[in-house]
Each structure stands twice: as C-alpha cells, then as structure tokens.
Amino acid sequence: MTESRRRDILSATVTAIAERGLCETRIADVASIVGVSPALVLYYFPTKAALLAESLIFLDRLFYESVAGKLDQAGTAEDKLVVLIEESCPRPAVAGELPDSWVLWPATWEMSRLDPSLAAARARLDEAWRSQIVSIVEYGIASGEFAEVDAKDFSLQLAAMLDGLAIEAMLGDPTVDADRMSELARSFARRMLKNSP
C-alpha cells in the first residue's frame, strides 16, 4: 500500500468515527469514504481494533508534528508546558481538517481492555505523551525555573487530569470547555512546579 493510500484510509477512519462513533462505524463506511473495497481495507487492517490503533498513531504523529515548532519557539519551560496543555485541549474540528485525536481516545480505552495489541499501542502513546511532559519539567528544573519535583509523578498527574477534563469537554459539560480545561491544568502545573521557598 502506498503511503498516500494508507493516509487516506486512516483519515477516513477518523472522519467516520467522528461522525458516527466507533460502534456505528463499519469497515465498509471507511472503504466508501476512500473509494476502495472493504476487502482492501481489511487486507491491511484485519480488525477494527487494528484500524483504530493505526488511526490513533497517525493522529498522534500529526499532533507532535504540529506542536514541534511551537515548542521550539517557546523560550521557557513554563511556556513550553503551556503550549503542550493548550494544544492538548479538544477543540471543534475546522472544516476541511481532521478532528483531533480525542475523538478516538474513549473508544481506544474501551477496546484496549480486551485487545492486547491495541492495549500495547495505547500504552506506547501514553508513555510518549508523559515523556514529553517529563522532558519539559526536567528542563525547567535544570534551568531553575521549576521546583525540584518528581517529573514522572507530575507527568502522570497532569496527563490524568487532562484526560479527565477532556472527557468532560468532549461531552459538552457546561462547566468544562477547552478554555476551562486549559485554565485548570495551567493552574495545577503552576502550583505543583512553583519554585519558591
């Protein structure tokens, strides 16, 4: 399969799941969006879990590619952490663009309980996400900007907080939208990382 065709299938999967939800999305729906046969999709992605895992990895890579430049331009560790928090908040999809990976995460959590390969992919993505946070925190500690904290523990706490708040935001909770999520996460990070006696 060409990289272009693979990207088309994964993009179609994300679009279909965003529109219909995982349970209502069939392989035939994805194939129809791309204009190929369901057999071709199944040849490369033998199960819905495999298609979900690859779609999540695909969106995750796009996320880091889009954030990399912003992180490079952010001068301080705090600025870098703010970028990461802001970019991780679920936002409505822009016409013509793919939805963010939050549309896939709830389904991934549910299916990964029963699918070992999806569980392994989920664990790798979560570890990569927490490692990004750890790198920023360790940079801030080394520069004297952040207090001496356990960066791994902090990354686990922040990641869990963002996951929980993102669910509320995606469900349209009237008290938690993307802006409120960002505000709460930034406030938590400041309290935990504040460098004062």
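**Exercise 1. Contacts and overall form**

Task: In this predicted model, find what share of the contacts in the protein with a separation of 6 or more comes from residues 24 or more positions apart. Then describe the fold and its extent.

Solution. 
1. Residues 24 or more positions apart supply 67% of the contacts with a separation of 6 or more.
2. For secondary structure, the protein has nine helices and zero strands. Along the sequence this reads α-α-α-α-α-α-α-α-α.
3. The globule rule gives 16 Å for 197 residues, and the radius of gyration of the protein is 18 Å, close to that value, so the protein is as compact as a globular protein of that length.
4. The C-alpha trace spans about 65 × 35 × 35 Å along its principal axes.

**Exercise 2. Surface and burial**

Solution. 
1. The cut-off for buried is under 20% relative accessible area.

**Exercise 3. The surroundings of A178**

Task: Decide whether A178 counts as buried or exposed, and list which residues A178 touches, not counting those up to four places away in sequence.

Solution. 
1. Locate the residue: A178 lies in helix 9, which covers residues 178-193.
2. Apply the cut-off: buried means under 20% relative accessible area. A178 has 10% relative accessibility, so A178 counts as buried.
3. List the partners: leaving out residues up to four places away in sequence, A178 touches C89, P90, R91 and A169.
4. Take one of these partners, C89. A178 and C89 are 89 residues apart along the chain, and their C-alpha atoms are separated by 5.3 Å.

**Exercise 4. The cavity**

Task: Find how many cavities of 30 Å³ or more the structure holds. Then work out which helix gives the most to the lining of the largest cavity.

Solution. 
1. The structure holds one cavity of 30 Å³ or more. The largest cavity has a volume of about 40 Å³.
2. The lining of the largest cavity consists of T13, I17, L22, T25, R26, I27, V30, K48, L51 and L52.
3. Sorted by type, the lining residues are six nonpolar, two polar and two charged.
4. Sorted by helix, at least two lining residues each come from helix 1 (3-20), helix 2 (27-34) and helix 4 (48-73).
5. Helix 4 gives the most, with three residues.

Definitions and conventions
Residues are numbered from 1 along each chain as its sequence is written. This is a predicted model: local features need pLDDT of at least 70, side-chain atom pairs count only at pLDDT 80 or more; totals for chains, interfaces and linings use all residues. Side-chain values use heavy atoms; hydrogens and water are left out. On a 1 Å grid over the protein atoms alone, a cavity is a set of points where a 1.4 Å probe fits but cannot get out, and a pocket is an open set with protein on both sides within 12 Å along at least five of seven lines; lining residues have an atom within 4 Å of a point. Grid points are joined across faces, edges and corners, and a volume is the space filled by probe spheres set on the points. Helices (H or I, at least four residues) and strands (E, at least two) are DSSP runs, numbered from the N terminus. Ala, Val, Leu, Ile, Met, Phe, Trp, Tyr, Cys and Pro count as nonpolar, Asp, Glu, Lys and Arg as charged, and the others, Gly among them, as polar. The radius of gyration is taken over C-alpha atoms; the globule rule is 2.2 Å times the number of residues to the power 0.38. Contact means heavy atoms within 4.5 Å. Buried means under 20% relative accessible area, exposed over 50%, partly exposed in between (1.4 Å probe, protein chains only).
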